[in-house]
Amino acid sequence: VPGWAPLAVQYADYALWQREVLGSEDDPESVIARQVEYWKQALAGLPEQLDLPADRPRPVVASHAGASFGFTLEEGLTGRVEALAKAQGATAFMVVHA
């Protein structure tokens, strides 16, 4: 178990600070309301969906279902991936994805 000390600031503290700095979306003079309005105007008229080339047609109704792909690594590859990750200050996940 890691022996990390508790953080001085928790996410809830950050959220409260952010609300204090940005204000409420209900207040039209607040920073957050102005930012939201900016992006509404900047993105107005854009299509809901950007049709990019895909490997299969988009379903009429999104299922949000994922898939899995099983595979086997050759003996010793896991150790080499972990060694490379450690040498680069990365995770094995990052190495495999790279």
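Tutor: Let us begin with helices. Helices are DSSP runs of H or I with at least four residues, strands are runs of E with at least two, and both are numbered from the N terminus. The expected span of a helix is 1.5 Å times one less than its number of residues. As to the source, this is a predicted model, in which local features need pLDDT of at least 70 and side-chain atom pairs count only at pLDDT 80 or more, while totals for chains, interfaces and linings use all residues. Residues are numbered from 1 along each chain as its sequence is written, and side-chain values use heavy atoms, with hydrogens and water left out.

Student: What span should H1 have, and how far apart are its end C-alpha atoms?

Tutor: The twelve residues of H1 should span 16 Å at 1.5 Å a residue, and the end C-alpha atoms are 16 Å apart, which agrees. H3 (77-88) also has twelve residues and reaches 16 Å from its first C-alpha to its last, close to the expected 16 Å.

Student: Which residues follow these helices?

Tutor: Gly23 follows H1 and has a positive phi near 85 degrees. His64 is found in the loop between H2 and H3.

Student: Is His64 buried or exposed?

Tutor: Buried means under 20% relative accessible area, exposed over 50%, and partly exposed in between, with a 1.4 Å probe and protein chains only. His64 counts as exposed, because its relative accessibility is 76%.

Student: How many salt bridges does a search of the whole structure find?

Tutor: Side chains of opposite charge can pair when their charged atoms come close. A salt bridge is a side-chain nitrogen of Lys or Arg within 4 Å of a carboxyl oxygen of Asp or Glu. The search finds two. In one, Asp55 meets Arg56 at 3.4 Å, N to O, and both residues are exposed. Glu74 and Arg80 form a salt bridge with their closest N and O atoms 3.3 Å apart. Glu74 is exposed, at 53% relative accessible area, whereas Arg80 is partly exposed, at 46%.

Student: Where does Asp27 lie?

Tutor: Asp27 lies in the loop between H1 (11-22) and H2 (31-43). With a relative accessible area of 36%, Asp27 is partly exposed.
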